Amino acid sequence: MKKPLIFEIKGNSLDDGPGIRTVIFMKGCPLSCVWCHNPEGMKPWFEHSFDSKECIKCLACAVICSQDAITYDDKHRVDRSRCLECFTCTSICPTGALGIVGKSMSIENIVACVVNDKPFFDTSGGGVTLSGGEPTMFMDFCSELLTELKRHKIHTLLETCGFFDMVSFLEKIYPKLDEIYFDIKLLDDNEHKRYCGVSNENILENFRVLSNMKDKEILPRVPLVPGITDTDSNLNAVADFLISCGFDRVRLLAYNPLWPYKLEKFGGARLIPEKMKKFMKPEQLKAYERIFIERGIHTT
């Protein structure tokens with residue numbers, strides 16, 4: 001069974017489903033969205049992280065590194081082209097500025113972490129959300145994990161980019177879910193390839209299939225990314241698509257510009273347009289909502 005690395009288990013979440021929830025974040029995603037808000041979840045393997053704000057420049061890491069892979073770059077610190085990923089440097093870092101992202105956890109250990117929160121779930125109507133990354137990259141693992149969560153009578157929700165094999169999904173994961181949050185980013189296939197790295201054909205077809213199932217709560221979500229997904233042409237196309245699938249509600253996700261700092265921690269470097277460095281204003285969000293509301297689609 002292919003096991004994911006876990007990069008965070010976040011309790012007391014109010015943004016990832018109904019009620020108070022605990023979110024399990026898994027590393028690995030088949031998409032490569034240029035604005036990814038969880039860049040630490042994109043690659044399915046262990047990674048170095050470096051937080052320049054925590055570094056005291058003692059350079060103990062440079063002394064211990066056998067590959068001379070420690071740089072004096074205050075943003076990146078690790079030359080990943082030379083690094084063998086032995087992670088010895090992380091064990092000697094006195095402040096934790098250098099760290100490892102990703103933790104191998106058994107299903108038993110994950111369930112033990114989340115069942116402590118069950119009183120909060122039961123009181124608030126919450127539960128556990130599988131997120132990432134993309135959990136459907138690990139169908140068998142998620143299937144067993146969901147089985148255990150249901151054994152404890154915990155509400156389960158999946159956050160997905162929609163890029164997966166539907167046959168395996170319907171067999172292994174779908175029956176054990178109570179709810180699905182399904183992201184729809186770009187309707188134009190060429191734009192989707194350009195900004196997300198893959199065609200959207202599989203994603204849109206999977207949404208069509210799920211829209212006909214009728215036995216689960218499915219919430220389509222649209223991340224609003226300045227100049228990419230928030231254009232009138234894209235939002236109108238998304239609205240047309242949802243109407244064609246019989247949906248009358250959508251959740252618009254306001255843009256959050258904190259991801260570039262997170263990306264730097266993993267060696268990423270990218271020129272960010274000025275408009276992508278700012279939080280979305282409430283009046284902007286209202287304008288985007290009107291596009292859907294005027295078409296009879298409620299925004300949540």
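Glutamate 191 belongs to helix 7, which spans residues 189-196. The model is predicted.

**Glutamate 191**
- With a relative accessible area of 28%, glutamate 191 is partly exposed.
- Apart from neighbours within four places in sequence, glutamate 191 is in contact with Leu186 and Cys196.
- Serine 32 is 159 residues from glutamate 191 in sequence, and their C-alpha atoms are 13 Å apart.

**Helix 3 and helix 5**
- Helix 3 (residues 107-115) packs against helix 5 (residues 139-151) at an angle of about 40°, and the axes are 10 Å apart.
- Helix 3 is therefore oblique to helix 5, and the crossing is right-handed.
- Ile107, Ile110, Val111 and Val114 of helix 3 meet Phe141, Glu144, Leu145, Glu148 and Leu149 of helix 5.
- By class, this contact of helix 3 with helix 5 comprises seven nonpolar, no polar and two charged residues.

**Aromatic pairs**
- The count comes to six aromatic pairs.
- Phenylalanine 7 and phenylalanine 25 form a tilted pair, 5.4 Å centre to centre with 40° between the planes.
- This pair links strand 1 (residues 5-13), which holds phenylalanine 7, to strand 2 (residues 21-26), which holds phenylalanine 25.
- Phenylalanine 7 is buried at 15% relative accessibility, as is phenylalanine 25 at 8%.
- The ring centres of phenylalanine 207 and phenylalanine 247 are 4.9 Å apart and the planes are at 40°, so this pair is tilted.
- Phenylalanine 207 lies in helix 8 (residues 201-211), and phenylalanine 247 lies in the loop between helix 9 and strand 10, 40 residues apart.
- Phe182, Phe207, Phe241 and Phe247 form one aromatic cluster.

Note on methods: Residues are numbered from 1 along each chain as its sequence is written. This is a predicted model: local features need pLDDT of at least 70, side-chain atom pairs count only at pLDDT 80 or more; totals for chains, interfaces and linings use all residues. Side-chain values use heavy atoms; hydrogens and water are left out. Helices (H or I, at least four residues) and strands (E, at least two) are DSSP runs, numbered from the N terminus. Buried means under 20% relative accessible area, exposed over 50%, partly exposed in between (1.4 Å probe, protein chains only). Contact means heavy atoms within 4.5 Å. Axes are lines fitted to C-alpha atoms, for helices over the stretch in contact, and angles run from 0 to 180 degrees between N-to-C directions. Angles under 35 degrees count as roughly parallel, over 145 as roughly antiparallel, 65 to 115 as roughly perpendicular and the rest as oblique. A crossing is left-handed if the near helix is turned anticlockwise from the far one by less than a right angle, and right-handed if clockwise. Ala, Val, Leu, Ile, Met, Phe, Trp, Tyr, Cys and Pro count as nonpolar, Asp, Glu, Lys and Arg as charged, and the others, Gly among them, as polar. Rings of Phe, Tyr and Trp (its six-membered ring) pair if their centres lie within 6.5 Å; planes under 30 degrees apart count as stacked, over 60 as edge-to-face and the rest as tilted.
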